[in-house]
Amino acid sequence: MLVVHAEFPIDPEKRDEALDLIRELAEQSRAEDGVIDYQVATDIDDPNLFRFTEQYEDEAAFGAHAETDHFGTFESALPDLLAGEPDVTRFEVDSASEVEL
């Protein structure tokens, strides 16, 4: 499994535009083959910081995601929406299990 964690600081004046694009991106991405989970949330202290947590079955699914129209649309718009540098980290995961609380 491949997990991607990304943080995008969005310009407050561009937040509504970014929100529309992010909603579309998340909705379309969740429907892709090989996507296990695709979640987006805002930071509790900064509503203009968007955090993406993405899970893919494998590298091929992640690569296919990067080639979709909805990803391309978001990627093209992103430089104009940002208020700072994005932070993107990928993890290759051999196993995962639920944690009981």
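1. Let's start with the largest pocket. Five elements, β1 (2-9), β3 (49-56), α2 (59-66), α3 (69-81) and β4 (87-92), each give at least two residues to its lining. Helix α3 supplies the largest share, four residues. Bear in mind that this is a predicted model.

2. The volume of that pocket comes out at about 250 Å³. There are 16 lining residues, and the closest to the pocket centre are Ala 6, Phe 8, Glu 54, Phe 71 and Val 88.

3. Now a look at Glu 7, which sits in strand β1. Which side chain does the side chain of Glu 7 make a polar contact with? The partner is Arg 51, at 2.7 Å. Setting aside neighbours within four places in sequence, Glu 7 is also in contact with Leu 49, Phe 50, Pro 86 and Asp 87.

4. Stepping back to the fold: the chain has three helices and four strands, and they run β-α-β-β-α-α-β along the sequence. Of the contacts between residues at least 6 apart in sequence, 72% link residues at least 24 apart.

5. On overall dimensions, the C-alpha atoms fill a box of roughly 40 × 35 × 20 Å along the principal axes. The radius of gyration is 14 Å, which agrees with a compact globule, because one of 101 residues would have a value near 13 Å. Buried residues account for 35% of the 101 in the chain.

Methods: Residues are numbered from 1 along each chain as its sequence is written. This is a predicted model: local features need pLDDT of at least 70, side-chain atom pairs count only at pLDDT 80 or more; totals for chains, interfaces and linings use all residues. Side-chain values use heavy atoms; hydrogens and water are left out. On a 1 Å grid over the protein atoms alone, a cavity is a set of points where a 1.4 Å probe fits but cannot get out, and a pocket is an open set with protein on both sides within 12 Å along at least five of seven lines; lining residues have an atom within 4 Å of a point. Grid points are joined across faces, edges and corners, and a volume is the space filled by probe spheres set on the points. A polar contact is a pair of N or O atoms within 3.5 Å; within protein, one must be able to donate a hydrogen and the other to accept it, and residues adjacent in sequence count only if both atoms are side-chain atoms. Contact means heavy atoms within 4.5 Å. The radius of gyration is taken over C-alpha atoms; the globule rule is 2.2 Å times the number of residues to the power 0.38. Buried means under 20% relative accessible area, exposed over 50%, partly exposed in between (1.4 Å probe, protein chains only).
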